[in-house]
Amino acid sequence: MTDFTRDALGWSPFFMSQLDIDELETLTPARIATVHRDRVVGFSEIGTLELTLDPGITTAAVAVGDWVLAAPQQYRLIRVLDRKTELSRGTEFHTGEKQLIAANIDTLFITTSCNNDFNPARLERYLALAHDAMITPVILLTKADQCDDPDDYVDQARALGRGLEVIAFDAKSDDVIATLAPWCGQGQTVALTGSSGVGKTTIANALTGGNALTRDIREDDARGRHTTTGRSLHAMPSGGWLIDTPGMRGLGLAEVSFGIDATFPEISELAENCKFRDCAHDSEPGCKVQAAIAAGEIDPDRLKRFKKLKRENIQATETIAQARDRSKKLGKHIKSVMKKKGR
Ligand SMILES: Nc1nc2c(ncn2[C@@H]2O[C@H](COP(=O)(O)OP(=O)(O)OP(=O)(O)O)[C@@H](O)[C@H]2O)c(=O)[nH]1
Ligand SMILES: [Zn+2]
């Protein structure tokens with residue numbers, strides 16, 4: 001592994017501004033590439049650092065893509081810097097805690113194909129996740145080479161957002177790197193999501209210049225170290241970074257109300273002016289959304305899918321709240337038992 005400058009790793013004033021003078025002098029910023037149960041591995045200006053954690057931080061609080069401050073002499077992680085963006089999954093059933101998937105992703109490549117995989121509702125779920133995490137979504141339509149009219153898919157996908165970037169291409173062609181270059185430049189971080197078989201691995205391999213995982217293992221071998229767990233932060237020859245963690249591929253929806261509104265701006269903006277604050281946009285008087293439907297200004301299918309996502313989100317959010325409640329009660333119960341025992 002060669003050393004990278006901070007800029008090459010995606011460092012920016014946003015992160016710099018979080019350091020005080022002491023930290024600037026004594027600590028080394030590192031970008032997390034792998035999270036293990038008891039330690040993390042990060043890339044830094046002084047090379048690859050394997051870090052143990054300070055008491056009070058668990059690896060569950062560190063995500064691939066995170067910027068952390070390390071005390072390099074002691075190989076210790078001191079603290080995790082605030083994230084520009086954060087992707088997390090629903091929750092752990094028992095605790096109601098969010099499970100971190102990745103941090104500081106700039107662009108989410110939402111991947112589908114120019115065939116039966118194309119599904120507006122599914123794309124909107126991913127869009128809601130991206131918007132909620134403040135990550136820029138780009139829709140990739142693969143298998144354009146196997147389809148008579150890819151433009152039809154492009155048009156359908158563009159209708160799912162304002163100014164949404166949509167690209168149809170052949171993921172097996174030689175120009176994948178050039179096609180995706182605008183998002184893969186120096187220090188930029190991307191991730192791929194989408195259903196099985198749409199071409200994520202094909203694209204990842206094209207962007208990283210080969211089979212990313214096998215290459216990582218070979219690099220570690222060369223340094224005499226063996227690791228069985230693959231790295232999740234992959235350098236792209238274009239200067240950018242690709243995050244590929246197992247959790248990336250099956251993203252769930254919960255607590256993304258903001259993201260859903262951002263995915264359906266034409267509806268959420270009108271909804272603010274409905275007569276009733278809790279308007280369900282069915283047949284309530286003074287419903288601006290229904291008025292727009294009647295006037296042919298918004299797509300009724302979009303409204304249906306908007307409502308369905310909102311319902312799903314509320315359900316998932318309630319499940320999380322219940323889990324948190326359970327976990328809190330359990331914690332209190334344990335404390336009171338311990339107290340009694342201590343008496
Ligand atoms: N013709 C053509 N084939 C493609 C394209 N993209 C992917 N494929 C093929 O589709 C199959 C599935 O591609 P993968 O890259 O493995 O898909 P994936 O999204 O990684 O699938 P999972 O690993 O199951 O999530 C492979 O046989 C690819 O060669 C494309 O744009 N055009
Ligand atoms: Zn309404």
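## Cysteine site and ligand 1 shell

Cys-274 lies in the loop between α10 (265-271) and α11 (288-294), helices being DSSP runs of H or I with at least four residues, numbered from the N terminus. The model is predicted: local features need pLDDT of at least 70, side-chain atom pairs count only at pLDDT 80 or more, and totals for chains, interfaces and linings use all residues. Residues are numbered from 1 along each chain as its sequence is written, while chains are lettered from A and ligands numbered from 1 in the order in which they are written.

UniProt, in an unreviewed entry, places the feature "binding site" at Cys-274, Cys-279, His-281 and Cys-287; such annotations may be inferred rather than shown by experiment. Cys-287 is also found in the loop between α10 and α11.

A residue is buried if 20 or more other C-beta atoms, placed from the backbone, lie within 10 Å of its own, exposed if 12 or fewer, and partly exposed in between.

| Residue | Class | Other C-beta atoms within 10 Å |
|---|---|---|
| Cys-274 | partly exposed | 19 C-beta atoms |
| Cys-287 | buried | 21 C-beta atoms |

Contact requires C-beta atoms, placed from the backbone, within 7 Å. Leaving aside neighbours within four places in sequence, Cys-287 is in contact with Cys-274, Cys-279 and His-281.

Ligand 1 is surrounded by 15 residues, counted where the C-beta atom, placed from the backbone, lies within 6 Å of the molecule. The closest are Ser-196, Gly-199, Lys-200, Thr-201 and Thr-202. Helix α7 (residues 200-208) supplies the largest share of this shell, 3 residues.

Technical notes:
Helices (H or I, at least four residues) and strands (E, at least two) are DSSP runs, numbered from the N terminus. Two residues are in contact if their C-beta atoms, placed from the backbone, lie within 7 Å.
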